[in-house]
Amino acid sequence: MAGGAKVAMVAVLIAMVANVSHTTESAVTCQLVVSSLTPCASYLIKGGPVPKSCCNGVQSLYKDAETTSDRQTACRCLEQAATLVPGINVDNAVNLPAKCDVSIPYKISPVFNCST
C-alpha cells in the first residue's frame, strides 16, 4: 500500500472518532478497532456498496472513542492495522464516514498526528 493511502485511511478513521464527548473510562482497545473496521477492508480496496457490518463497526467505534486517550489509542492501532491492508483506495477511505452516516467536523487529510 502506498504511504499516502495508508496515512489517508488512518486520517479518515481517526477523524471519525475525534469529535465525541469526554468521559473518564477508557473504552477503546486495538482489538476493538480492528474488529470494528475489518468488515470495511473490501470497500476500502474495491469500492462498491459499503457492507452493513462495516458501517455498524464505524458507528460503534465512533461512539466508543469518547476520550482523548481513546482516540489516541484508536489512531495508533489504525496506523498499525493499515499496514496489513494493501491496496486501499484513498477516495474510498475519504468517503467512508459519509457512507456510514457518520458526520465528522474535520477535513480529511493524508497527514494526521496521533498525539493531538
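At what angle do helix α2 (residues 30–37) and helix α5 (residues 68–82) pack, and how far apart are their axes? In this predicted model, in which residues are numbered from 1 along each chain as its sequence is written, local features need pLDDT of at least 70, side-chain atom pairs count only at pLDDT 80 or more, and totals for chains, interfaces and linings use all residues. Side-chain values use heavy atoms, with hydrogens and water left out.

Confidence is expressed as pLDDT, the predictor's confidence in each residue, from 0 to 100. The chain has a mean pLDDT of 77, with 71% of its residues reaching 70 or more. Helices are DSSP runs (H or I, at least four residues), numbered from the N terminus. Confidence is lowest in helix α1 (residues 3–17), where the mean is 57, and highest in helix α4 (residues 52–64), where the mean is 93. Over residues 18–24 pLDDT stays under 50, and the model has 18 contacts beyond four places in sequence for these residues; contact means heavy atoms within 4.5 Å. Where pLDDT is low, the predicted coordinates should not be read in detail.

Two packed helices are described by the angle between their axes and the distance between the axes. Axes are lines fitted to C-alpha atoms, for helices over the stretch in contact, and angles run from 0 to 180 degrees between N-to-C directions. Helices α2 and α5 pack at an angle of about 60°, and their axes are 9 Å apart. The two helices are therefore oblique to each other; angles under 35 degrees count as roughly parallel, over 145 as roughly antiparallel, 65 to 115 as roughly perpendicular and the rest as oblique. The crossing of α2 past α5 is right-handed, a term used if the near helix is turned clockwise from the far one by less than a right angle. On the α2 side, C30, V33, V34 and L37 meet A74, C77, L78 and A81 of α5. The residues of this contact comprise eight nonpolar, no polar and no charged. Here Ala, Val, Leu, Ile, Met, Phe, Trp, Tyr, Cys and Pro count as nonpolar, Asp, Glu, Lys and Arg as charged, and the others, Gly among them, as polar.

Helix α2 also packs with α4, at an angle of about 150° and with the axes 7 Å apart. Helices α2 and α4 are therefore roughly antiparallel to each other. From α2, the residues L32, V33, S36 and L37 take part, and from α4, S53, C54, G57, V58, L61 and D64. Six nonpolar, three polar and one charged residue make up the contact of α2 with α4.

Individual residues were also examined for accessibility (buried, under 20% relative accessible area; exposed, over 50%; partly exposed, in between; 1.4 Å probe, protein chains only). Within helix α5, Q72 counts as buried because its relative accessibility is 19%. Residues up to four places away in sequence not counted, Q72 touches C114, S115 and T116. T73 is likewise found in helix α5 and counts as buried, at 18% relative accessibility. Apart from neighbours within four places in sequence, T73 is in contact with V28 and T29.

Two loop residues complete the description. V85 lies in the loop between α5 and α6 (90–99) and, at 19% relative accessibility, counts as buried. The C-alpha atoms of V85 and S42 are separated by 9.4 Å, although these residues are 43 residues apart along the chain. A27, in the loop between α1 and α2, counts as partly exposed, at 38% relative accessibility. With neighbours within four places in sequence left aside, A27 is in contact with L32, D64 and D70.
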